Amino acid sequence: MDYKSEFIRIFSENVTRPGADKLLDWIATTDFYTAPASTRFHGACESGLVMHSINVYHVLVERYFHPEEDNLESFTIVSLLHDLCKANYYKAGFRNVKNDTTGQWERVPNFTVQDAFPYGHGEKSVYLIERFLRLKPAEAVAIRWHMGGFDDSVRGGSFTISNAYDQYPLAVKLHLSDLEATYLLEKGTSSVNRK
């Protein structure tokens, strides 16, 4: 099964909230299923974004889901949609890189950011999702803070993220799952030269 089919299957089986079908229809109008997850790091390849979303889902559910205390629909929403802000965000192109072995310049593929709606990272995903379906407070907070200390608004110090993690365990679980998927599962998934 390809990543797009797996994403749609997981989402359709686990998310029944009003508006879920309209959100899935909107996602199909974007490049979400073919976009990279980053410009040079994890998943900097075709379909890297959907691959990453599925990896976060599997880590989150396999490591942290407890049926007696957690909600599978919530876990599915936050993991599969936490990076929705990256749909229609990257542009594929080329750049020149010097080959260390030959000393020759080579044209290599790369991705650049073209953010038509610079609204922040987690908050942009929350905004896009809520155009179609209502998020529970724990879901919105988890998606908003999934970047942890890598979020630009945290640099320089902020107690807001600490309060979010203290009040909403789902936010901590999503952040940890995102880190594991990014730095462990997806190591070496970039098709782009990182130099």
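Tutor: Gladly. Asp-83 is buried, and Lys-86 is buried too. Their side chains meet in a salt bridge, at 3.6 Å from N to O. Keep in mind as we go that this is a predicted model.

Student: What is the general idea behind such a pair, and how many salt bridges does a search of the whole structure find?

Tutor: In general, side chains of opposite charge can pair when their charged atoms come close. Here, a search of the whole structure finds nine salt bridges.

Student: Which residue forms a salt bridge with Glu-13, and where do the two lie?

Tutor: The partner of Glu-13 is Arg-9, and their closest N and O atoms are 3.2 Å apart. Both residues belong to helix α1 (residues 3-14), where four residues, about one turn of the helix, separate them.

Student: Is Glu-13 buried or exposed? And how should I class Arg-9?

Tutor: Glu-13 has a relative accessible area of 52%, so Glu-13 is exposed. Arg-9 counts as partly exposed because its relative accessibility is 34%.

Student: Which residue does Glu-139 pair with?

Tutor: Glu-139 forms a salt bridge with Arg-17, with the closest N and O atoms 2.7 Å apart. This pair links distant parts of the chain: Glu-139 sits in helix α6 (residues 137-144) and Arg-17 in the loop between α1 and α2, 122 residues apart.

Student: Why are Glu-139 and Arg-17 put in the class they are in?

Tutor: Residues under 20% relative accessible area are called buried. Glu-139 has 0%, so Glu-139 is buried. Arg-17 has 12%, so Arg-17 is buried as well.

Student: Which residues are linked with Arg-17 in a network of salt bridges?

Tutor: The network links Arg-17, Glu-73 and Glu-139. Glu-73 is found in helix α4, and Glu-73 is buried because its relative accessible area is 14%. Setting aside neighbours within four places in sequence, Glu-73 is in contact with Asn-14, Val-15, Thr-16 and Arg-17.

Student: Which residues of α3 and α4 meet?

Tutor: On the α3 side they are Ser-53, Ile-54, Val-56, Tyr-57, Leu-60, Val-61 and Tyr-64, and on the α4 side Leu-72, Phe-75, Thr-76, Val-78, Ser-79 and Leu-80.

Student: Which residues are in contact with Ser-177, leaving aside its neighbours within four places in sequence?

Tutor: Ser-177 is in contact with Val-56, Val-59, Leu-60 and Tyr-64. Ser-177 itself lies in helix α8 (residues 169-185). With a relative accessible area of 0%, Ser-177 is buried.

Student: What about Ser-47: where is its place?

Tutor: Ser-47 is in the loop between α2 (20-28) and α3. Ser-47 counts as buried because its relative accessibility is 17%. Beyond neighbours within four places in sequence, Ser-47 has contacts with Tyr-3, Tyr-33, Thr-34 and Ala-35.

Student: Could we look at a tryptophan next? In which helix does Trp-26 lie?

Tutor: Trp-26 lies in helix α2. Its relative accessible area is 18%, so Trp-26 is buried. Apart from neighbours within four places in sequence, Trp-26 is in contact with Leu-84, Leu-128, Arg-131 and Phe-132. Trp-26 and Asn-55 are 22 Å apart, C-alpha to C-alpha, and 29 residues apart in sequence.

Student: Finally, the surface. Which residues make the nonpolar surface patch?

Tutor: Phe-117, Tyr-119 and Tyr-127 make a nonpolar surface patch of about 300 Å². Tyr-119 is in the loop between β2 (105-113) and α5 (122-130), and Tyr-119 counts as partly exposed because its relative accessibility is 42%.

Terms used:
Residues are numbered from 1 along each chain as its sequence is written. This is a predicted model: local features need pLDDT of at least 70, side-chain atom pairs count only at pLDDT 80 or more; totals for chains, interfaces and linings use all residues. Side-chain values use heavy atoms; hydrogens and water are left out. Patches are made of residues with over 30% relative accessible area and no salt bridge: like charges are joined within 9 Å, nonpolar side chains (Val, Leu, Ile, Met, Phe, Trp, Tyr) within 5 Å. Accessible areas come from the Shrake-Rupley method with a 1.4 Å probe; for residues, only the protein chains shown count as cover. A salt bridge is a side-chain nitrogen of Lys or Arg within 4 Å of a carboxyl oxygen of Asp or Glu. Buried means under 20% relative accessible area, exposed over 50%, partly exposed in between (1.4 Å probe, protein chains only). Contact means heavy atoms within 4.5 Å.
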